[in-house]
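Here is a friendly tour of a two-chain model. Keep the viewer open and follow along from strand to core to interface.

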Amino acid sequence: MISLTVNGQPREVAADPNMPLLWVIRDLLGLTGTKFGCGVAQCGACTVHLNGEAVRSCVTKVSRAAGQQVTTIEGLSTNNNHPLQLAWQEADVPQCGYCQSGQLMSAAVLLRENPNPTDQDIDDAMSGNICRCGTYPRIRAAIHQAAKMHQGGAKS
Amino acid sequence: MNRRNFIQSGAILGGGLLISFTIPQANKLSALAKPVAAGGFTPNAFLNIGTDNTVTVTLSHVEMGQGIWTTLPMLLAEELDVDLDQIIVRHGGVDKAYNHTIYGIQITGGSSSTWSEFDRYRNAGATARTLLTQAAAQRSGVAVTNCKTEKGFVLAGDKKFSYGELAGDAAKLPAPQQVTLRPPSDWKYIGKGSKRVDAQVKTNGEAKFGMDMQFSGLLTAMVAHAPVFGGKVKSFDATKAKAVPGVQQVVEIPGGVAVIADHFWAAQQGRKALQVTWDNGPGTALNTTSQTIAYKRLAATKGVSAQAKGDADAALAKSAKHISAEYVFAYLAHAPMEPLNCTAKIDGDHCEIWAGTQLPGVDQANVAKLLNMKPENIKINIPFLGGGFGRRATPASDFVIEAVHIAKASGKPVKMVWTREDDMKSGYYRPFFVHNVQVGLDEKGMPMAWNHNIVGQSIMGEAKMFGPPPPVDDTSVEGVKGSPYLNTVPDHYVGLHTTKEVVPILWFRSVGNTHTAYAMETIVDEMAYAAGQDPVDYRQTLLKSSPRHLAALNLVAAKANWKTKLAPGRFKGVAVHEAFGSYVAIIAEVSIVDNAVRVHKVDCAIDCGLAVNPDGVKAQMESGIIFGLTMALYGELTLKDGQVQQNNFYDYRIARMNESPEINVYIVDSKEKMGGAGECAVPPTAPAIVNAIFAATGKRIYNLPIMNTKLIKQA
């Protein structure tokens with residue numbers, strides 16, 4: 001058995017230590033918000049936070065998460081109210097929506113580390129996440145918007 | 001399928017009261033699709049109002065990113081008079097009530113969902129509003145003419161009834177023969193727009209796609225496919241595969257061997273351990289290099305006539321200047337972010353399917369045939385589609401049938417999943433095409449002769465869905481055939497050579513226009529330079545009898561300040577094209593960095609007639625532009641000895657955030673016929689980019705993708 005904490009909940013899974021975290025999250029724990037897109041860390045659809053850092057769960061062995069904190073899209077906020085989630089909805093970012101969990105999880109780390117990212121910062125942080133619907137311009141706008149909301153919130 | 005004959009509703013913008021006949025009997029819900037809540041009001045297959053005040057709108061088209069989950073409810077809400085956030089939206093199952101109003105089968109495609117449903121969904125809402133108002137009049141004793149609706153209530157004199165309260169009474173009333181639709185001046189949603197109804201579930205992980213199907217007893221299956229198209233299993237040894245923990249079964253199905261396991265990881269490990277010997281068959285003879293040579297040779301000869309006027313050969317011989325071009329377009333994979341998958345559960349003489357599909361009725365029929373069951377015993381559930389782009393509309397139901405084969409062979413409910421590599425290598429591509437174009441210009445540089453031959457597989461011919469293929473498949477030549485440029489050329493010929501290959505092909509976002517617009521818009525650019533004219537001016541002259549092309553072109557030229565000199569190192573290119581009834585013009589601004597192109601900014605104008613949801617139209621333009629950018633920069637699948645050489649996103653690249661340009665979209669204020677949005681920005685994007693590359697480098701690119709050409713900035 002491997003013990004890990006997922007979205008604040010202690011969980012135990014009977015998994016081969018080599019099993020990618022993605023399939024533990026999806027197929028063993030039933031959290032389907034984290035997506036499979038490529039299996040080789042090329043598209044970012046599977047992005048989750050491991051101890052607060054964005055990782056591609058499709059190539060992260062579950063053994064690496066043993067005893068660690070994992071956050072998935074389901075745990076990004078308590079009530080779908082992370083500034084990025086609000087900005088995403090305000091800007092109508094999602095189209096098919098399949099990649100957006102990964103986009104949001106990547107953007108969340110960017111925004112935490114860099115509360116006021118430039119376009120270049122966004123390029124650097126978000127270019128590992130593919131969106132076949134081409135929502136990039138709206139993702140960019142929404143990240144800027146979330147940064148403003150975040151700062152507005154911090155001031156008040 | 002020629003939708004140009006059927007575009008309707010253009011007249012509604014004239015204003016005034018609109019009388020519309022109610023939904024015909026054929027659109028009543030048949031027994032198969034059950035109402036959402038018993039005891040509620042289900043005036044037609046599109047709407048249910050529960051006694052608990054829930055309003056459920058059922059979609060005849062599926063949501064794959066294009067925003068129809070929002071637009072169809074908008075149309076209905078406009079007439080029903082409810083707030084959009086009161087509405088629960090769901091996909092319809094298979095029912096003839098959900099057949100496309102023009103195409104006659106249940107299909108999401110052809111950028112047609114909004115215009116083809118514009119009347120029907122408004123009608124569905126207006127019918128319900130009429131009956132609810134009558135029910136309120138009866139209950140209150142107030143005359144119908146003195147009743148009015150307001151956001152989910154009927155106001156009858158001083159009384160106020162919720163729709164839910166009236167649902168039971170309304171359900172007992174006979175359907176009205178005709179209803180009055182709201183005039184455009186009263187519209188609250190149409191033309192103004194709405195936020196996406198599905199944005200919330202698509203930002204918190206709740207949205208369910210086919211890949212997310214989970215239920216007790218459901219196993220995951222992965223298939224080892226033949227590495228060469230048309231190949232077959234000769235023999236296989238499952239010993240090692242079965243030894244993988246979690247692998248339950250290994251079964252042979254037509255075209256491959258399926259490994260069935262407790263979860264994805266086990267299925268994937270099992271498939272790696274599986275040993276299969278293949279009979280590759282004649283498909284090994286196919287190579288992209290030899291295919292290119294053969295197609296080029298064919299394209300130099302006269303194909304079957306798709307469009308002809310005068311004597312193009314004689315006129316070419318007399319022309320003052322001759323432009324010759326040979327274009328090559330590779331096979332392309334749709335590569336939706338959600339790899340193909342399907343869940344199938346067989347239970348006695350019934351089968352239940354969960355699949356993100358654009359063609360549910362066809363899938364139902366194909367599954368029924370395979371299992372020898374009645375079609376009504378096949379229930380198709382449609383979750384959200386993680387991208388479609390045409391790939392989820394296979395007339396042969398390939399990925400659905402594969403899942404059913406596995407469920408049948410194993411006796412277990414299975415979720416059949418493809419990996420990205422399966423998705424890349426297992427077929428149904430935009431076909432490989434070659435164009436040979438010869439244009440003769442007169443002394444003023446205007447076209448006087450045009451000879452254009454196209455070579456490629458026939459999508460409609462191989463789909464066999466709309467009857468026997470005609471000698472010329474329109475989807476192979478659309479965009480050249482009927483081009484407004486050709487109409488100005490007194491002597492022209494468009495010919496088609498239809499080829500056959502083992503490679504399965506399919507419609508791909510904007511279909512034939514993916515290559516025809518490229519050929520047309522780059523050669524017209526070449527003609528403009530040959531004539532010593534500005535590319536926009538030259539097009540304006542040629543398009544003087546095509547007002548909608550001109551409207552889009554003029555708007556984008558003005559917004560992008562076409563004539564204003566750019567900063568040093570920046571260059572512009574333009575293209576304009578009609579597809580699916582909409583006219584899109586694009587101006588791309590590029591620079592050349594390290595022998596590669598960087599697209600900085602794309603301005604886009606569209607004339608789609610009435611834009612029901614303007615921000616939705618803008619989103620689809622952005623989407624089509626990025627899709628076109630990917631196609632232009634990287635789109636290429638190559639075959640060697642019958643095997644696809646690309647594997648995953650590292651060698652079949654998709655444009656990323658750092659390559660995403662600034663995009664500005666402008667909508668022409670148009671009262672013309674409604675057209676589509678989903679596919680329409682794809683065709684002019686690549687030619688606008690390469691026309692800008694020509695401005696920068698003096699080099700024409702005839703073979704996509706651009707990455708195969710080393711770009712050198714002009715001194």
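Two strands are said to pair if DSSP finds at least two bridges between them. Helices (H or I, at least four residues) and strands (E, at least two) are DSSP runs, numbered from the N terminus. This is a predicted model, in which local features need pLDDT of at least 70 and side-chain atom pairs count only at pLDDT 80 or more, while totals for chains, interfaces and linings use all residues. Residues are numbered from 1 along each chain as its sequence is written, chains are lettered from A and ligands numbered from 1 in the order in which they are written, and side-chain values use heavy atoms, with hydrogens and water left out.

**Strands and hairpins of chain B**

Let us begin with β12(B) (residues 247-253) and β13(B) (residues 256-261), which pair in the antiparallel sense over 6 bridges. B:Ile253 has B:Gly256 of β13(B) as its bridge partner. The hairpin leaves 2 residues between these strands, and there B:Gly255 has a positive phi near 90°. Burial here is judged by relative accessible area: buried means under 20%, exposed over 50%, and partly exposed in between (1.4 Å probe, protein chains only). In β12(B), 5 of the 7 residues are buried, so the strand is largely enclosed by the rest of the structure.

Further along, β26(B) has two pairings to look at. With β25(B) (residues 582-593), β26(B) pairs in the antiparallel sense over 11 bridges; with β29(B) (residues 662-667), the pairing is parallel, over 6 bridges. Since 9 of its 12 residues are buried, β26(B) is largely enclosed by the rest of the structure.

Is B:Asp607 buried or exposed? At 2% relative accessibility, B:Asp607 counts as buried, and this residue lies in β26(B) (residues 596-607). A polar contact is a pair of N or O atoms within 3.5 Å; within protein, one must be able to donate a hydrogen and the other to accept it, and residues adjacent in sequence count only if both atoms are side-chain atoms. The side chain of B:Asp607 makes one such contact with the side chain of B:Ser670 at 2.8 Å, and reaches the backbone nitrogen of B:Gly609 at 3.0 Å. Contact in the wider sense means heavy atoms within 4.5 Å. Leaving aside neighbours within four places in sequence, the residues that B:Asp607 contacts include B:Arg548, B:Tyr583 and B:Glu672.

**Backbone points worth a click**

Most residues other than glycine have a negative phi, and most peptide bonds are trans.

| Residue | Phi |
|---|---|
| B:Ser510 | near 85° |
| B:Asp594 | near 50° |
| B:Asn595 | about 65° |

B:Ser510 sits in the loop between β23 (491-499) and α14 (513-530) of chain B and is buried, with a relative accessible area of 0%. B:Asn595, in the loop between β25 and β26 of chain B, is partly exposed at 36%. There is also a cis peptide bond between B:Leu704 and B:Pro705, with omega about 0°; B:Pro705 lies in the segment after α18 (682-697) of chain B.

**The nonpolar cores**

A nonpolar core is a set of buried Ala, Val, Leu, Ile, Met, Phe, Trp, Tyr and Cys residues joined through side-chain atoms within 4.5 Å. The largest has 248 residues, and those touching the most other members are A:Ile143, B:Leu80, B:Trp450, B:Met527, B:Met621 and B:Ile706. Among the residues that B:Met621 touches, not counting those up to four places away in sequence, are B:Cys604, B:Ile606 and B:Val665. A second, separate core of 34 residues includes B:Val62 and B:Leu371.

**Where the chains meet**

Buried area is the accessible area (1.4 Å probe) that two parts lose on being put together, summed over both. Chains A and B bury about 4,500 Å² between them, 57% of it on carbon and sulfur atoms. A:Gln95, A:Tyr98 and A:Arg132 supply 19% of the area that chain A buries against chain B, more than any other three residues. In contact terms, 49 residues of chain A meet 58 residues of chain B.

A salt bridge is a side-chain nitrogen of Lys or Arg within 4 Å of a carboxyl oxygen of Asp or Glu. There are 4 salt bridges between chain A and chain B; A:Arg138 and B:Asp615 meet in a salt bridge at 2.9 Å, N to O.
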